[in-house]
Amino acid sequence: MTPILSLHNIDVTEFLAVLDTCEGNVFLVTNEGDKLNLKSKLSQLVGLTKLIEGGKILEASIFCENKSDESKMFRFNFFGNAKDAKAG
């Protein structure tokens, strides 16, 4: 898998809203090599707390198994909100 995008300064609430609309597995990989399946609520709770500082994800890469999910994540990264990420 190759990363579809790198996230920087992402609003966590909006990010989770987009994740809830994804159909396939979405993985977050840190610079340290940690790989979390973000479709799992347990991974979201445990893993995101290590990446969050002041309510923002500092830096990580996203991998999606589903092409339509890749598109949602790309739009979210570009527009920065869940509403625009789900459009189109």
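**Salt bridges and beyond**

Modeller: Going by a cut-off of 4 Å between a side-chain nitrogen of Lys or Arg and a carboxyl oxygen of Asp or Glu, the count comes to 2 salt bridges. Keep in mind that this is a predicted model.

Colleague: Thanks! Which residue does K41 form a salt bridge with?

Modeller: K41 pairs with D20, and their closest N and O atoms are 2.8 Å apart. K41 lies in helix α2 (residues 41–51) and D20 in helix α1 (residues 12–21), so the pair ties together parts that are 21 residues apart in sequence.

Colleague: And how exposed is K41? What about D20?

Modeller: K41 is partly exposed, with a relative accessible area of 46%. D20 is partly exposed too, at 49%.

Colleague: Got it. What is the N to O distance in the salt bridge of K67 and E70?

Modeller: For K67 and E70 it is 3.7 Å, N to O. These two sit 3 residues apart in helix α3 (residues 67–79), which puts about one helical turn between them. K67 is exposed, with a relative accessible area of 64%.

Colleague: Let's switch to the strands. Which residues cover the two faces of β2?

Modeller: Strand β2 spans residues 26–29, with V26 and L28 on one side and F27 and V29 on the other. Those four are all buried, so both faces of the strand are covered.

Colleague: Nice. In which sense do β2 and β3 pair?

Modeller: Antiparallel, over 3 bridges, with β3 made of residues 35–37. Within β3, L36 stands opposite L28.

Colleague: What does G33 do in that hairpin?

Modeller: G33 takes a positive phi near 95 degrees, and the hairpin of β2 and β3 has 5 residues between the strands.

Colleague: Which residues does S43 touch?

Modeller: Leaving out residues up to four places away in sequence, S43 touches L36, N37 and L48. L36 is the residue in β3 that stands opposite L28.

Colleague: Now the surface. Which residues make the nonpolar patch?

Modeller: F74, F78 and F79 make a nonpolar surface patch of about 380 Å². F74 is found in helix α3 and is exposed, with a relative accessible area of 51%.

Colleague: Before I go, can you zoom out to the whole protein? How many helices and strands are there?

Modeller: There are 4 helices and 5 strands. Along the sequence, the pattern reads β-α-β-β-α-β-β-α-α.

Colleague: What share of the residues count as buried?

Modeller: Of the 88 residues, 39% count as buried. The accessible surface comes to about 5,000 Å², and 53% of that belongs to carbon and sulfur atoms.

Colleague: And what about contacts between residues at least 6 apart in sequence: what percentage join residues at least 24 apart?

Modeller: Among those contacts, 66% join residues at least 24 apart.

Terms used
Residues numbered from 1 in each chain as written. Predicted model: local features only at pLDDT ≥ 70, side-chain atom pairs only at ≥ 80, totals over all residues. Heavy atoms only, no water. Buried < 20%, exposed > 50% of the residue type's maximum accessible area, 1.4 Å probe, protein only. Pairing = 2+ DSSP bridges. Patch = residues over 30% accessible without salt bridge, like charges linked within 9 Å, V, L, I, M, F, W, Y side chains within 5 Å. Areas by Shrake-Rupley, 256 points an atom, 1.4 Å probe, with all protein chains shown as cover. Contact = heavy atoms within 4.5 Å.
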